[in-house]
Amino acid sequence: MQSLIQVVNKLQDVFAVVGEQQIADLPQIVVVGTQSSGKSSVLESLVGKSFLPRGTGIVTRAPLVIQMIRYTEEIKQNMLNSNYSENITEWVEFLHKPNLFYFDFDLVRNEIECRTNELAGNNKGITNKQIVLKIHTNRYDLTFVDLPGITKVAVGDQPDDIDEQIQKLIISYVKQSNSIILAVVTANTDPSTSESLQIAKKLDPDGIRTVAVVTKLDLIDEGTLQDTKDLLCGLRIPVKLGIIGVVNRSQKDIVENKSMDATLKSETEFLKTNYPDIYKKHGSKALAHTLQLILITHIKKVYPKLKIELEEMKHKLGKKLLALQTPDNKVSFLIELLKDISKSYEDTVNGNQDDVSVDDIIGGASVARIIQQKYLKTINAIDPLQNLTNENIAKILLNTSGTNQSTFVNEKALQKILYRQLNNLIEPSLDCVELVRSEMLNILNFIDVRLLDKLRRYPQLNEDVRNVFEKLLDENVNNIKEFIASYIESYQECLDTANPDFILEIIKSNNTIQEEILAAANINNYTDDCDSISDGNWKDMSQPKKIEINRIQMLNQLLTGLNSNDESLESSEQVKLHRDLSQCYFEYIRKIVRDFVPKRIKHKMINSFLKVLDKRLNEKIFQTYLIEKKIDEVFLEDESFHNDRKDLDTKLDAVNKALKNMIDIQYF
C-alpha cells in the first residue's frame with residue numbers, strides 16, 4: 001500500500017499536467033527564503049544529492065516540486081534489470097519527460113535549467129508553471145515545493161518589478177490553507193527582519209502552519225551561542241510546528257565536492273559540540289523526520305475538506321461543460337434561445353430579472369437615470385434668455401415694426417424672439433433620444449449571463465441578433481426625433497399668448513416681472529369692481545384676491561390687444577415687456593416639453609420596441625436562416641469556446657483522477 005505522501009504526489013502530478021497547480025488546495029510543504037539564505041543547501045541535504053542549479057541572482061525561477069519517493073525492493077530490481085547496473089541507489093524522472101530516467105544528478109541540474117528557460121525564458125524572469133521532479137530514493141517519502149528566493153533589487157536583465165512578481169508567486173502558494181510553510185531564516189540575522197518569517201506571519205498569523213529552519217549555524221560568533229540556543233528553543237520565533245537548526249554546506253565543500261554523508265557527519269559533530277543538550281532535535285536528519293510527520297499528519301487532517309472541495313469542483317466543471325455541449329436539435333435550440341433573449345431583455349428593462357445587480361444600475365433604471373440626471377438636468381439649466389440681450393430685443397422690435405412703430409405688444413417680434421429661444425430645447429431633447437438608444441443597445445449586455453454565453457459561443461448568431469436590435473432601434477429613433485423636433489417647432493411657429501396656462505405662468509413669476517409687464521402697459525390703478533363678479537361676492541373677497549383677479553383681467557386685455565390705453569411706450573419699456581413675456585412663455589413651453597419628451601421616448605421607443613422585438617427576432621433570424629438554409633452555418637462555434645470545452649474536459653478528467661487516487665487515503 002502506498003504512503004499518504006505518494007498519494008498526494010499523484011494529485012500534484014494530475015494538476016501539474018493540466019497546468020493548473022492551483023486548481024485545488026493541496027496539502028504540501030512550500031519552501032520560502034531569501035536569496036543566499038541557504039535554501040538550496042537545505043533541500044539538497046534532505047535529498048542527499050547536489051542537484052539544484054547554483055549561481056548569482058535568481059536561480060530558481062519556476063516552482064520546483066520535488067517528490068522524494070521511497071522505492072520498494074521490487075521496483076529497484078526492475079530498474080536494475082532494465083539498466084544492467086547494480087550501482088543504482090537513486091534515479092530521477094521529470095513529469096514533462098515520462099519514461100526517461102536520470103542517474104547522473106549533474107544531468108538533473110542541467111534539465112532543471114533547460115526546462116526553466118523553456119517556461120520562464122532566458123531573461124531571468126519567473127513563471128508560475130511548475131517543474132515536477134521525482135527522486136526515487138531509499139531514504140523516505142517527502143514532498144516540497146521550492147519557490148524563487150525573495151529579492152528586493154532587479155539585477156542584469158531582470159524585470160524591474162521582479163520583486164513584486166516573486167512576492168505574488170510565493171503568496172499564491174503560502175496563502176492556501178492546506179500549505180505547510182517552511183520558512184528558511186539565517187542564524188546570523190535578526191528573525192524580526194526575516195523576509196520569509198514576515199510572509200509567514202502575514203499569511204499564517206498564529207503560526208499553526210509554519211515550521212522554521214535556521215541555517216548557517218556555523219557562521220555565528222561564539223558569544224552569541226546562547227542567543228542562538230534561545231532561537232532554536234522557540235523563544236524568539238512564534239511558530240507552532242517547530243524550529244530546526246541546520247549547518248549548510250560551505251562554498252568550499254561544494255567546490256571540493258564534499259559528499260553528503262560527510263556533510264551530515266560534520267553537521268552532527270558541530271551540533272553535538274555547540275548544543276549538546278538539544279542537538280538531537282536539530283540537523284538535516286531531524287528536519288526530514290519532522291517534515292514527514294508534519295506532512296502526514298496534515299494530509300490526514302485536511303483530507304475530508306479536500307475531498308469535499310474536489311467533489312464540488314467536479315460538479316461545477318460538469319455543469320459548465322454541459323452548457324457548452326452542441327445542441328441536439330439546432331432548430332428547437334434557436335427558437336428557444338431567441339424567445340429567451342427577448343424575454344430576458346424585457347425583464348431587464350422592466351426590472352423583473354432574477355439576479356438583481358448590487359454593483360451597477362442596469363436596464364430600465366439606467367434609462368430612467370439618463371432622463372433624470374442628464375436630460376432633465378440639462379433642460380432645466382437652460383437660461384430662457386440665453387444669448388438674448390436687451391439690445392438684441394430692441395433690434396428685433398425695430399426690424400419687425402417696419403415703417404410703423406409699435407406702441408404695444410409686437411406679436412411678430414415676440415414670435416421671432418421665442419422661435420430663437422425655444423430652439424434651445426430641441427438639441428437636448430434629440431440628444432436624450434440618442435442616449436436612450438445607446439443605453440437600450442447596452443442593456444443587451446446585461447441580460448441573463450447564460451444567454452450571453454450562448455450568443456458569444458456562436459459569432460454569426462451573436463452579430464445577427466445585435467444587428468436586429470440596432471436596426472429596430474434605428475427605425476424608432478428617426479421617427480421619434482422627427483416627431484419631437486416637429487412638436488417643439490409647432491410651439492415656435494404658433495404662439496398662443498392668450499392661453500390660460502401662459503397667463504398662470506406670468507402670475508407665478510416673480511413680482512418684478514409682473515410689475516414690469518403691467519408698467520409697460522401703464523396700468524397702475526386697480527378698480528374695486530368686476531363685471532364678471534357680483535357685488536356680494538366681490539365685497540366678501542380679501543384684498544390680495546381682488547388684486548390677483550384684477551391682474552388676470554388686465555393681463556388678458558394686455559395680451560389680446562384689448563387694452564384701451566393708447567399712450568406710446570418708451571423703447572426701454574417695450575424691451576422689458578418683450579423680454580419678460582419671452583421668459584414666461586419659455587418657462588411655460590419648457591414644462592410642456594420636459595413632460596412630453598420622456599413620455600414619447602417611453603411610449604414610442606421603449607414600449608413599442610419591446611412589443612415587436614420577439615416577432616422581429618423570429619422574422620429576421622429564425623425564418624431567414626430557414627429560408628437560406630443557414631442553420632448549420634450559424635452554429636459554427638468561436639474557437640475560444642472549443643478551447644474552453646477542451647480545457648474543461650481536461651480539468652474534469654484531472655479532478656476525477658484525483659478523486660480516484662484519494663480513495664487510497666481512506667485506508668490509512
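1. Which residue of strand 5 is the bridge partner of Phe94? Leu133 is that partner. Strand 3 (residues 91–94) and strand 5 (residues 131–137) run antiparallel and are joined by four bridges. Strands count as paired when DSSP finds at least two bridges between them.

2. Some ground rules. This is a predicted model, where local features need pLDDT of at least 70, side-chain atom pairs count only at pLDDT 80 or more, and totals for chains, interfaces and linings use all residues. Residues are numbered from 1 along each chain as its sequence is written, and side-chain values use heavy atoms, with hydrogens and water left out.

3. Overall content. The chain has 24 helices and nine strands. Helices (H or I, at least four residues) and strands (E, at least two) are DSSP runs, numbered from the N terminus. Of the 668 residues, 48% are buried. Buried means under 20% relative accessible area, exposed over 50%, and partly exposed in between (1.4 Å probe, protein chains only). Among contacts with a separation of 6 or more, 81% join residues 24 or more positions apart. A contact means heavy atoms within 4.5 Å.

4. Nine strands form an open sheet with mixed pairing, in the order 4-3-5-2-6-1-7-8-9. Strand 4 (97–102) and strand 9 (243–245) are the edges, each pairing on one side only. Neighbouring strands are turned by 25° against each other on average, direction ignored.

5. Helices on the sheet. Helix 4 (residues 105–120) lies across strand 2 (64–70), strand 3, strand 4 and strand 5, and runs at about 165° to strand 5. Helix 5 (residues 162–174) also packs on the sheet, touching strand 1 (28–32), strand 6 (142–146) and strand 7 (179–186). The direction of helix 5 makes about 150° with that of strand 1. Axes are lines fitted to C-alpha atoms, for helices over the stretch in contact, and angles run from 0 to 180 degrees between N-to-C directions.

6. A helix pair. Helix 2 (residues 39–47) packs against helix 10 (residues 284–323) at an angle of about 80°, with the axes 9 Å apart. That makes the two roughly perpendicular, a class that spans 65 to 115 degrees. Helix 2 contributes Val42, Ser45 and Leu46; helix 10 contributes Ser284, Leu287, Ala288 and Leu291. Five of these residues are nonpolar, two are polar and none is charged. Here Ala, Val, Leu, Ile, Met, Phe, Trp, Tyr, Cys and Pro count as nonpolar, Asp, Glu, Lys and Arg as charged, and the others, Gly among them, as polar.

7. Aromatic pairs. Rings of Phe, Tyr and Trp (its six-membered ring) pair if their centres lie within 6.5 Å; planes under 30 degrees apart are stacked, over 60 edge-to-face, and the rest tilted. The count is eleven aromatic pairs. Phe333 and Tyr458 have ring centres 6.3 Å apart and planes at 80°, so the pair is edge-to-face. Phe333 is in helix 11 (residues 330–350) and Tyr458 in the loop between helix 16 (449–457) and helix 17 (459–493), so the pair ties together parts 125 residues apart in sequence. Phe333 is buried at 17% relative accessibility, and Tyr458 is buried at 1%.

Key. Parallel < 35°, antiparallel > 145°, perpendicular 65-115°, else oblique.
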